[in-house]
Amino acid sequence: MELLLSLSPSVWFAMGGAFSIKLLELAELHKLPLIERPDLKDWLYWLPFLILPILGGGLAHVYVSSNTLLTPLLAVNVGVSAPLIIRAMAQVAQPAIVKTPDDA
């Protein structure tokens with residue numbers, strides 16, 4: 001509980017931004033045909049509702065720990081874009097696979 005109370009408001013705003021993306025996706029489900037709608041009883045469907053806010057808040061915490069000033073609007077933006085930012089950083093970090101000819 002102490003950890004939650006010690007979090008910066010920027011972290012909370014970022015977590016809210018990431019959570020809002022999942023809520024928006026949930027609100028848009030009515031547009032899908034019944035056959036394409038996810039099984040809402042499956043716990044794996046709900047897992048991103050926990051993971052994305054943690055990623056968004058974690059990224060905002062990194063910014064705040066680096067002495068970057070995050071206004072509430074910027075913190076929400078970080079939370080919304082956190083999955084894309086982290087995915088892009090992971091792709092850059094992967095080494096390129098280089099194929100060499102057999103006789104090289």
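Helices here are DSSP runs of H or I with at least four residues, strands are E runs of at least two, and both are numbered from the N terminus. Proline 53 sits in one of these runs, helix 3. The model is a predicted one, so local features need pLDDT of at least 70 and side-chain atom pairs count only at pLDDT 80 or more, while totals for chains, interfaces and linings use all residues. Residues are numbered from 1 along each chain as its sequence is written, and side-chain values use heavy atoms, with hydrogens and water left out.

First, the overall picture. The protein has four helices and zero strands, which gives the pattern α-α-α-α along the sequence. Its radius of gyration is 18 Å, well over the 13 Å that the globule rule gives for 104 residues, so the protein is more spread out than a compact globule. That radius is taken over C-alpha atoms, and the rule is 2.2 Å times the number of residues to the power 0.38. Along the principal axes, the C-alpha atoms fill a box of roughly 60 × 50 × 25 Å.

Of the 104 residues, 20% count as buried; buried means under 20% relative accessible area, exposed means over 50%, and partly exposed is in between (1.4 Å probe, protein chains only). As for contacts (heavy atoms within 4.5 Å), residues 24 or more positions apart make up 63% of those with a separation of 6 or more.

Back to proline 53, which counts as buried at 8% relative accessibility. Leaving aside neighbours within four places in sequence, proline 53 is in contact with Met15, Ala18, Phe19 and Pro48. Alanine 14 is 39 residues away from proline 53 in sequence, yet the two C-alpha atoms are 7.3 Å apart.

Phenylalanine 49 is in helix 3 too, and is buried with a relative accessible area of 11%. Between phenylalanine 49 and phenylalanine 19 there are 6.3 Å, C-alpha to C-alpha, for a sequence separation of 30 residues. Apart from neighbours within four places, phenylalanine 49 touches Phe19, Lys22, Leu23 and Leu26 by the contact cut-off.

Lysine 22 belongs to helix 2 and is buried, at 10% relative accessible area. With neighbours within four places set aside, lysine 22 is in contact with Pro48, Phe49 and Leu52. The lysine 22 side chain also makes a polar contact of 2.5 Å with the side chain of glutamate 25. A polar contact is a pair of N or O atoms within 3.5 Å; within protein, one must be able to donate a hydrogen and the other to accept it, and residues adjacent in sequence count only if both atoms are side-chain atoms.

Serine 10 is another helix 2 residue (residues 9-27), and is buried with a relative accessible area of 10%. Beyond neighbours within four places, the contacts of serine 10 are Ala60, Val64, Leu70 and Ala75.
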